[in-house]
Amino acid sequence: APDVNAFATGMSRNKALVAVSSGLLRAMSRDEAEAVLGHEVSHVANGDMVTLTLIQGVLNTFVIVLSRLVGQFIDRAVFRNENGHGAGFFIATMVAQVLFGIVASVIVMWFSRQREFRADTGGARLAGRGKMIAALQRLQAAHEPAVLPEQLAAFGISGGKGISRLFMSHPPLEERIAALRAVQ
């Protein structure tokens with residue numbers, strides 16, 4: 001693909017895959033690509049893919065259980081329904097699932113942003129801090145101005161403002177570069 005992109009996937013360290021786009025290989029120097037690979041290998045070494053999946057699964061379980069408890073409470077306390085589940089249960093459960101689901105998404109995205117900082121540090125250890133900073137700066141240049149539609153900006157790696165920052169999977173590149181510069 002012509003986009004500058006790389007990712008790690010897999011359920012275990014021994015069955016992981018790191019992929020880079022041809023656009024990344026064309027846009028970055030060898031040192032920058034090495035740092036990106038170090039970043040992705042750090043995701044694998046940290047078990048980030050499995051951990052993120054597990055966190056999402058646990059939070060989804062809490063969302064379902066808590067929303068049903070809220071639905072049951074509303075159905076019994078507000079609508080005084082003592083026989084099975086009434087409309088209050090179903091409506092309250094659906095509303096609670098949406099609200100708890102939003103909170104769960106914020107938690108998952110926070111963890112995802114933290115794992116990016118850890119992978120940046122790992123990439124810096126493997127390839128060198130200067131190379132990792134240069135790679136992030138190259139990404140920053142490649143994503144200026146933002147090419148994503150405003151509705152999808154939270155899923156990008158280059159920005160986000162206001163409340164949309166809570167739903168970003170990657171911290172802003174400026175913050176990632178500043179964090180690497182602060183590492184001794």
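I began with Arg176, which forms a salt bridge with Glu116, the closest N and O atoms being 3.6 Å apart. I take a salt bridge as a side-chain nitrogen of Lys or Arg within 4 Å of a carboxyl oxygen of Asp or Glu. This pair links distant parts of the chain: Arg176 sits in helix α6 (residues 173–182) and Glu116 in helix α4, 60 residues apart. Helices here are DSSP runs (H or I, at least four residues), numbered from the N terminus. I found both Arg176 and Glu116 buried. Buried means under 20% relative accessible area, exposed over 50%, and partly exposed in between (1.4 Å probe, protein chains only). Salt bridges with shared partners join Arg115, Glu116, Asp120 and Arg176 into one network.

A note on the source: this is a predicted model, where local features need pLDDT of at least 70, side-chain atom pairs count only at pLDDT 80 or more, and totals for chains, interfaces and linings use all residues. Residues are numbered from 1 along each chain as its sequence is written, and side-chain values use heavy atoms, with hydrogens and water left out.

Next I searched the whole structure for salt bridges and got nine. One of them pairs Lys131 with Asp31 (3.6 Å, N to O). Lys131 lies in helix α5 (residues 129–142) and Asp31 in helix α2 (residues 30–46), 100 residues apart. Lys131 is partly exposed at 24% relative accessible area. Asp31 is partly exposed too, at 39%.

I then looked up Arg118, whose side chain meets that of Asp48 in a salt bridge (3.9 Å, N to O). Arg118 lies in helix α4 (residues 87–127) and Asp48 in helix α3 (residues 48–78), so the pair ties together parts that are 70 residues apart in sequence. Is Asp48 buried or exposed? Asp48 counts as buried, at 1% relative accessibility. Arg118 is partly exposed, at 35% relative accessible area.

I turned to the nonpolar cores. A core is a set of buried Ala, Val, Leu, Ile, Met, Phe, Trp, Tyr and Cys residues joined through side-chain atoms within 4.5 Å. The largest has 17 residues, and those with the most contacts inside it include Leu24, Met132 and Leu180. Helices α2, α4, α5 and α6 each supply at least two residues of this core. Helix α5 gives the most, with five residues.

I checked Leu180 for contacts (heavy atoms within 4.5 Å). Leaving out residues up to four places away in sequence, Leu180 touches Asp120, Thr121, Ala124, Arg129, Met132, Ile133 and Leu136.
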